[in-house]
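Biologist: I have a chain on my screen and some questions about it. Can we go through it together?

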Amino acid sequence: KVAASMGYVALAVTYVAGYLFLVFVAICLACGLYYLAELCEEYTSLTKRVIYWAIIAILIEHVLLLVFERLPWQLVLLGMGSHCCYFQLLKSFPFLQLSSPAFLLSCVAVAVCTYGWVAHFASDYHSPAFVLGFLLANCWLVPFAFFISLSVNESVLPSNQHLGASQAFSEPGARRGKTQSGILSVFDFFRSKKEELMPGLTKKV
């Protein structure tokens, strides 16, 4: 009876702690995305090289999967084809045309590859950690890098550079810095809303 009565308390504490853990994970992911977007804007050429070698490494891995592993060759070839589509996006990097055939085809390739591998692993049980790790390396890594680089796509436009320069020198003593865009502007929007809703928690200078 004591164990049964204590079970409800332990269950409630577990659920509360689990939700708090998810909140902390979301905050950490948001901070990480913001930092990565800042790095991509600061080091555009380095970001392009990193994405290039990531595509090369994943293509080599697909060849090894095709030779040494008993995996569906259709899905392996589909993964290789999707990463060849990412090469087309890399040619115009950091300028990404969201309505271009290469971008739309890449989005379709990500969705089809993810669905194909999930359906394959669903037919034969694998641990969730294994499936997520496989999908992250073979389906999501390069698209995620392009997603982070969307802020670079906007910040390098001549109109945004001119706007940033006009804002930097419009007033004497104004703060000189680059215009936030893309993912960075999204985080700045939420931060400004937080300051409006909770002004007491914001440090006033």
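Biologist: Which helices each supply at least two residues of the lining of the largest pocket?
Modeller: Helix 1 (2-42), helix 2 and helix 5 (128-148) do. A helix here is a DSSP run of H or I with at least four residues, a strand is a run of E with at least two, and both are numbered from the N terminus. On a 1 Å grid over the protein atoms alone, a pocket is an open set of points where a 1.4 Å probe fits, with protein on both sides within 12 Å along at least five of seven lines; lining residues have an atom within 4 Å of a point.

Biologist: Before we go on, what kind of model is this?
Modeller: This is a predicted model, where local features need pLDDT of at least 70 and side-chain atom pairs count only at pLDDT 80 or more, while totals for chains, interfaces and linings use all residues. Residues are numbered from 1 along each chain as its sequence is written, and side-chain values use heavy atoms, with hydrogens and water left out.

Biologist: Back to the pocket. What volume does the largest one have?
Modeller: About 310 Å³. That is the space filled by probe spheres set on the grid points, which are joined across faces, edges and corners.

Biologist: How many residues line the largest pocket, and which lie nearest its centre?
Modeller: The lining has 15 residues, and Leu 36, Cys 40, Thr 47, Val 50 and Ala 145 lie nearest the centre.

Biologist: How do the lining residues divide into nonpolar, polar and charged?
Modeller: There are 13 nonpolar, two polar and no charged residues. Ala, Val, Leu, Ile, Met, Phe, Trp, Tyr, Cys and Pro count as nonpolar, Asp, Glu, Lys and Arg as charged, and the others, Gly among them, as polar.

Biologist: Where is Ser 149 found?
Modeller: In the loop between helix 5 and helix 6 (150-155). Leaving aside neighbours within four places in sequence, Ser 149 is in contact (heavy atoms within 4.5 Å) with Cys 40, Thr 47, Ile 51 and Phe 93. Ser 149 and Ala 37 are 112 residues apart in sequence, and their C-alpha atoms are 6.6 Å apart in space.

Biologist: Is Ser 149 buried or exposed?
Modeller: Buried, because its relative accessible area is 1%. Buried means under 20%, exposed over 50%, and partly exposed in between, with a 1.4 Å probe and protein chains only.

Biologist: Now His 62. Which helix is it in?
Modeller: His 62 is in helix 2 (residues 44-68). His 62 counts as buried because its relative accessibility is 1%.

Biologist: What does the side chain of His 62 have 2.8 Å from one of its polar atoms?
Modeller: The backbone oxygen of Ile 58. Outside the four places on either side in sequence, His 62 is in contact with Val 76, Gly 79, Met 80, His 83 and Asn 138.

Biologist: Last one: how many helices and strands does the chain come to?
Modeller: Eight helices and zero strands. Of the 205 residues in the chain, 28% are buried.

How values were computed. A polar contact is a pair of N or O atoms within 3.5 Å; within protein, one must be able to donate a hydrogen and the other to accept it, and residues adjacent in sequence count only if both atoms are side-chain atoms.
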